[in-house]
Amino acid sequence: MMGLMASEETRTMTPPTGRSAAAHDAGKPGGAATRAWTMRLLVLGIVLSALNLRPAITSLGALLEEVRDGLGMSGSVAGLLTSVPPLCFAVFGVMAPRLARRFGAGAVVCAGMAAIATGLLVRPYAGGTAGFLAGSALALMGIAVSNVLMPVIVKHWFPDRVGSMTGLYSMALALGTALAAAVTVPLTDTLGGSWQTGLALWAGLAVAAVLPWLPFVRGRATPPGAGEKPAGATQTPGPVSPSASGEHARGEAPRLRMTRSRTAWALAVFFGLQATAAYITMGWMAQIFRDAGVPAGTAGLLLAVTMVMGVPLAFVIPRLATRLPHQGPIVLALGVCGLAGYAGLYLAPAAGAWAWAVLLGVANCAFPLALTMVGMRARTGQGVARLSAFAQSTGYLISIPGPLLVGVLYQHSGGWGLPIALMSALMIPQMAVGFLAGRDRTVEDEAAR
């Protein structure tokens, strides 16, 4: 797979950054070897970080009933708990570009992984619902800044392989999501049946993800050639570079106002609606199956099937998306799969459980598609950073009410008919705005006017 990515020349909208990396390193003793080591370490850091971006959520979804019983939560409070992830992503994600300019993206992601590890270790033993929420918020803060900076790092370090690297990152994210859903219940049973232990064990994976980023904390390394400009160039790409914080003061790049871009708004709403569907699925789908008579372990496996569908598709879809001038048809195909899955959950949740899990897993691949479009809808590193922060923060704000409303509807209606109807209804505008976001346009053409 690494060889495939190394040979791929994916179409991107990034302007040249100067001499090639090979030419840059040619005159330096050991330069090529150093760069190769740096890039391998960076890929490892991206993969391990992506593995940690969802276990905090899906491990909780698999044990939600046990956590509710242990902490005395009502359905509405549990719905609030499932709304905490998008709230934290919206609040803390918007800070990521500024933190990256000040400290370097590697340092911010490293701190994010440390926050995830600490939050996951603390929350099961904090005592009471408030402590559990506080520990969850700490872990989700780390996830939030990493969510925003991953597309930025990919665009900055791998400008000619955006599709492949986004696919690799998305595959790892889907794998971590599915792994937590599949093994949390069996591991909890193996370790004595304590839900606290079952949730806390995922802190170890986050600790491992801290290590590859440590060399990037002090050095705040930048890609070879990132600081060079070709003759006549007027822009310098890449907010990841420490020097990027002074771009506007030097007048080298126009200030982008994302609120003036229709494409940015379409992408933000698309991101928000797909996140709504994803967090409803991660937080409640296992419970839907359990209420239909499916055993807890099997319900966790069904959730894992939904999540694991993103492993192969998250690599295929970004590569396909970068080859199409318009990503709208992919958006529509994923939406149709989601509608079919919701219909199955309503009509025969237990009888066709595996089929519905697969269909909803395909629909959830709107997430890697959205990440890919973030990289494609901007020409520069600066544009990607601003678009990523705007689309994700605005999108996660949009997604906050969804999981909470599902919990309220479930508690007050006594069944899943109304919640599933809500999920189906939200899929229609998701398909519409996703189609608009898929048009071959860039935010620089709209936001800098």
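## The largest cavity

Of the 21 residues lining the largest cavity, Leu-173, Thr-177, Met-307, Asn-364 and Phe-367 are the closest to its centre; lining residues have an atom within 4 Å of a point.

At least two lining residues of the largest cavity come from each of α10 (162-190), α15 (262-291), α16 (296-308), α17 (310-323) and α20 (366-376), and α15 supplies the largest share, five residues. Helices here are DSSP runs of H or I with at least four residues, numbered from the N terminus. By class, this lining has 13 nonpolar, seven polar and one charged residue, where Ala, Val, Leu, Ile, Met, Phe, Trp, Tyr, Cys and Pro count as nonpolar, Asp, Glu, Lys and Arg as charged, and the others, Gly among them, as polar.

## Packing of α10 against α20

The helices α10 and α20 pack at an angle of about 150°, with their axes 10 Å apart; axes are lines fitted to C-alpha atoms over the stretch in contact, and angles run from 0 to 180 degrees between N-to-C directions. They are therefore roughly antiparallel to each other, a term for angles over 145 degrees.

Contact (heavy atoms within 4.5 Å) is made by Thr-166, Tyr-169, Ser-170 and Leu-173 of α10 with Phe-367, Pro-368, Leu-371 and Thr-372 of α20. Five nonpolar, three polar and no charged residues take part in the contact of α10 with α20.

## The second largest cavity

The second largest cavity has a volume of about 130 Å³. Among its 16 lining residues, Ala-56, Ile-57, Leu-60, Leu-81 and Pro-85 lie closest to the centre, and the elements giving two or more residues to the lining are α4 (55-62), α6 (75-93), α9 (128-157) and α15. The lining of the second largest cavity divides into 11 nonpolar, four polar and one charged residue.

## Basis of the values

Residues are numbered from 1 along each chain as its sequence is written, and side-chain values use heavy atoms, with hydrogens and water left out. For this predicted model, local features need pLDDT of at least 70 and side-chain atom pairs count only at pLDDT 80 or more, whereas totals for chains, interfaces and linings use all residues.

Technical notes: 1 Å grid on protein atoms, 1.4 Å probe; cavity = no way out; pocket = protein on both sides within 12 Å on 5 of 7 lines; lining within 4 Å. Points joined across faces, edges and corners; volume = space filled by probe spheres on them. Parallel < 35°, antiparallel > 145°, perpendicular 65-115°, else oblique.
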